[in-house]
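Welcome to this short tour. Keep your viewer open and your selection tool ready, and we will go from stop to stop.

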Amino acid sequence: MSHPTPDSTAAGIAASPSPVADHGTKAPGEESLAPQRTRIMGRGSYFLAWFGGCVSIGTFTMGSSVVGTLNLIQATLAIAIGCFVIGIALAVNGAAGYKYGIPFMVQARSAFGFTGTRLPGLVRAVPAVVWYGFQSWIGAGALNMVSATLFGFDNLVFFFIAFQFLQIGLSVMGFQGIKWLENIGSAFILASLVYMFYSTVVRYGDVLSANLLTMEGSWGLPFWGATMLFLGIYSTMMLNVGDYAREHKTGTGQGLLTTIYAMSILPCTLFMGLIGFMVSEATGVADPIQVFANAVDNTPLLMTTLLFIAFAQVTTNVLNNVVPPTYVLMDIFKMKFRTATVLVGLLAFATFPWKLVQPDSAAGLQLFVQTYSAFLGPIFAVLVVDYYLIRRRTLDLGKLYDENGPYRGVNLAALIATAVGIVAALTFSSISWYASLIPAGLTYFLLMKHWAPCQRFCQ
């Protein structure tokens, strides 16, 4: 089933009702910005897509970072609360995409305007491309270590180039490829994490029971700051969740969707966070991968860990780091899906990931993360307030695809509200995502209701 281009659909899209969805099939790589009518993911495959696509190696580090602050029970609860908040946020902001079949860049037009959507688009796309290159280099390094250990072939550059083109090849298949990759990969990821968790407990169990269960820990600000650490890993996904929700077959209520999101993300986050937490507590080394890589007396554990790292980069990149910038390029430069996907893969080379992994680059990478993270909460708040309070969950699709309609240009209310939220986020950096929501959302609501220059965006 082929989709017309956004321009050709603008005049023919119904004003209020969501497009009629069918649950048939579509050809690999057949993606567009037009309202999605062919939805290919049922509840099971949608659950597994999120399960396999949200495996961030950084979760290990997040677990290590709360050592000495939280005990084992508090760390477990912090991870669980963070995942539950993620589930709610994904269901809330993904509602428009799920109901109307529209991607993030189209959803954002009602709040930011056709031209203004470049701000949330770039905030989502630029970090994705950077992480695409960074995680590809990490994955290639893991494969190179496996090859060097088992076969004596050591060539990191070769594995990086091959690994990147493999991901580009998978990406051009679109959501058909994503569906099968994530569904198959989830089993290997879960088995690997269970084995790594078991090995950690067996190896360091005595030290862990003596330290982690007896320490008092904190239930105050450090605890809530920890929930945001694990939440923050997926805060980029909260913006463009509509890109994925539009692929899920209709008929799932918001409560069940929340459960699907939270429970698909929880297992991997819990295992990885606790592995990082326990390994760091037991060894004093913040990077559990380094600990496992040095476990020369346990070759199965080493191979499992390295293959897990490589496989996790593929499943995470294809879902999280390819789709967002691809849709941004399609929206701004009117590219076709496959062309944009290949370009995103090539741009990942230009991030020079071999430089980003150097110790002297760590401070710059951390500043980059902190900077773009300050935008995520405010943009999320603006999108949610716009859909639920301004639009009352009713979108006029014809206007969303009409470049000369009421959403043309830039909505100043959205930009001002985002700026207010950024200030709040930077002021309360330890809980920046939480702190930015109310200031940004309230500012946007008041401006839209009472400031004349923004009234045409209320139509």
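Start with the cysteines: across the whole structure, a search finds zero disulfides, a disulfide being a pair of cysteine sulfur atoms within 2.5 Å. You are looking at a predicted model, where local features need pLDDT of at least 70, side-chain atom pairs count only at pLDDT 80 or more, and totals for chains, interfaces and linings use all residues. Residues are numbered from 1 along each chain as its sequence is written, and side-chain values use heavy atoms, with hydrogens and water left out.

Select Cys54 and Cys268. The closest cysteine sulfur to that of Cys54 is in Cys268, 8.6 Å away, which is too far for a bond. Cys54 is buried at 2% relative accessibility (buried means under 20% relative accessible area, with a 1.4 Å probe and protein chains only).

Next, pick Cys454 and Cys458. Cys454 is in no disulfide, and its nearest cysteine sulfur, in Cys458, lies 7.5 Å away. Cys454 is buried too, with a relative accessible area of 1%.

Now colour residues 156-171, helix 9, and residues 337-349, helix 17. Helices here are DSSP runs of H or I, at least four residues, numbered from the N terminus. Their axes (lines fitted to C-alpha atoms over the stretch in contact, with angles from 0 to 180 degrees between N-to-C directions) come within 9 Å and cross at roughly 160 degrees. That makes helix 9 roughly antiparallel to helix 17, a term for angles over 145 degrees.

Finally, show the side chains where they meet, in contact through heavy atoms within 4.5 Å. Helix 9 brings residues including Phe160, Ile161 and Phe165, and helix 17 brings others, among them Phe337, Val342 and Leu346.

Technical notes: Helices (H or I, at least four residues) and strands (E, at least two) are DSSP runs, numbered from the N terminus. Angles under 35 degrees count as roughly parallel, over 145 as roughly antiparallel, 65 to 115 as roughly perpendicular and the rest as oblique. Buried means under 20% relative accessible area, exposed over 50%, partly exposed in between (1.4 Å probe, protein chains only).
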